[in-house]
Amino acid sequence: MKTFTCVAGLESGTTSISRVEPGGIQHTSEHPWVTTYWVEGPRVHGTIEVAPSYRDLDGWHFMPTGLHLTYGPHQYAQYNGSLVVNGVPLAGSLELPADSPAQWDTITIRRTLGPSSNSGSTAPEATQRRAREILRATFEAHIANEQHAFETAAAYARHKRTERLESLRRAEAAARQAFDHAETELRAVIDRTIAMESRFEQTLAACAPAAN
């Protein structure tokens with residue numbers, strides 16, 4: 001079953017981007033944080049899966065800060081996609097920040113080499129331009145539905161909670177150890193400062209040899 005999302009008037013022609021509900025034939029993921037979009041337009045058809053992600057480069061955040069768009073198979077794919085543009089089956093995925101503009105013109109789109117391959121060569125330039133346009137429209141359609149975007153991000157945050165909590169506890173233990181070491185070093189420096197500043201003569205006298 002598909003839930004209509006939008007009709008995008010793109011440079012390459014009018015394209016429909018429909019959200020496939022769980023149970024729909026094109027929705028293959030069992031994860032509640034994954035959204036499957038069916039894209040159809042002039043010389044374009046197929047699925048794109050969109051999933052929230054945590055971007056390590058952004059530092060620590062409570063909620064996911066990125067979106068993962070999978071439009072075709074590849075070696076390290078976490079999700080699925082089956083986008084075909086200009087008759088060319090595509091292979092790959094994108095990891096994008098959810099709250100800042102992506103440099104779409106710099107993204108390289110790859111094609112599959114065949115039905116048994118999940119990676120391949122760079123797609124023709126015309127295919128890349130059209131694919132970038134489709135991917136951008138899908139990305140923007142996803143974040144425009146704020147409630148759905150929040151619900152999928154929250155589902156992913158729940159899924160990652162235990163793993164991230166364990167990571168935080170390890171970081172806390174390391175920070176406490178570093179703090180204890182720093183506190184010991186600080187006390188030693190303070191004692192030396194006092195010896196040099198306000199107890200210089202007393203400390204100097206204590207260093208003198210014992211009288212015979």
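**Figure 1. Asn86 counts as partly exposed, at 27% relative accessibility.** The view is taken from a predicted model. Asn86 is placed in the loop that runs between strand S6 (84–85) and S7. The phi angle of Asn86 is near 55 degrees, which is a positive value in a residue other than glycine. Most residues other than glycine have a negative phi.

**Figure 2. Arg43 in the loop between S3 and S4.** The backbone at Arg43 has a phi near 55 degrees, again positive in a residue other than glycine. Is Arg43 buried or exposed? With a relative accessible area of 55%, Arg43 is exposed, because the value is over 50%.

**Figure 3. Overview of the protein, with 3 helices and 8 strands.** Along the sequence, the elements follow the pattern β-β-β-β-β-β-β-β-α-α-α. Of the 212 residues in the protein, 39% are buried. Among contacts with a separation of 6 or more, 48% join residues 24 or more positions apart. The accessible surface of the protein is about 13,200 Å², and carbon and sulfur atoms account for 54% of this surface.

**Figure 4. The largest nonpolar core, a group of 25 residues.** Which residues have the most contacts inside this core? They are Ile48, Leu69, Leu83 and Leu90. At least two residues of the core come from each of strand S3 (35–41), strand S4 (44–53), strand S5 (66–72), strand S7 (88–97) and helix H1 (125–144). Helix H1 gives the most to this core, with 5 residues. A second, separate core has 8 residues, including Val34, Ala51, Ala155 and Tyr156. In soluble globular proteins, nonpolar side chains tend to be buried together.

**Figure 5. The surroundings of Leu90, one of the residues with the most contacts inside the largest nonpolar core.** Residues up to four places away in sequence are not counted in this view. The residues that Leu90 touches include Tyr71, Gly72, Pro73, Leu83 and Val85. Further along the chain, the partners of Leu90 include Ile109, Arg110, Arg111 and Thr112, as well as Ala123, Thr127 and Ala131.

**Figure 6. Thr138, a buried residue of helix H1.** The relative accessibility of Thr138 is 0%, and Thr138 counts as buried because buried means under 20% relative accessible area. What does Thr138 contact, leaving aside its neighbours within four places in sequence? The partners are Ile17, Tyr37, Val39, Ile48 and Val50.

**Figure 7. Ser53 in strand S4.** Ser53 is buried, and its relative accessible area is 7%. Residues up to four places away in sequence being left out, Ser53 touches Pro64, Thr65, Gly66, Leu67 and His68, together with Glu95 and Tyr156. The partner Tyr156 also belongs to the second, separate core of 8 residues.

**Figure 8. The salt bridge between Glu140 and Arg136.** The side chains meet at 3.1 Å, N to O. Both residues lie in helix H1, where they are 4 residues apart, about one turn of the helix. Glu140 is partly exposed, with a relative accessible area of 39%, and Arg136 is partly exposed as well, at 41%. Side chains of opposite charge can pair when their charged atoms come close.

**Figure 9. The salt bridge between Glu125 and Arg132.** The closest N and O atoms of this pair are 3.6 Å apart. Are the two partners buried or exposed? Glu125 is partly exposed, with a relative accessible area of 42%, whereas Arg132 is buried, with a relative accessible area of 11%.

**Figure 10. The salt bridge between Glu21 and Arg19.** The side chains of this pair meet at 3.4 Å, N to O. Glu21 and Arg19 are both buried. A search of the whole structure finds 6 salt bridges, among them the pair shown here.

Definitions and conventions: Residues are numbered from 1 along each chain as its sequence is written. This is a predicted model: local features need pLDDT of at least 70, side-chain atom pairs count only at pLDDT 80 or more; totals for chains, interfaces and linings use all residues. Side-chain values use heavy atoms; hydrogens and water are left out. A nonpolar core is a set of buried Ala, Val, Leu, Ile, Met, Phe, Trp, Tyr and Cys residues joined through side-chain atoms within 4.5 Å. Buried means under 20% relative accessible area, exposed over 50%, partly exposed in between (1.4 Å probe, protein chains only). Contact means heavy atoms within 4.5 Å. A salt bridge is a side-chain nitrogen of Lys or Arg within 4 Å of a carboxyl oxygen of Asp or Glu. Accessible areas come from the Shrake-Rupley method with a 1.4 Å probe; for residues, only the protein chains shown count as cover.
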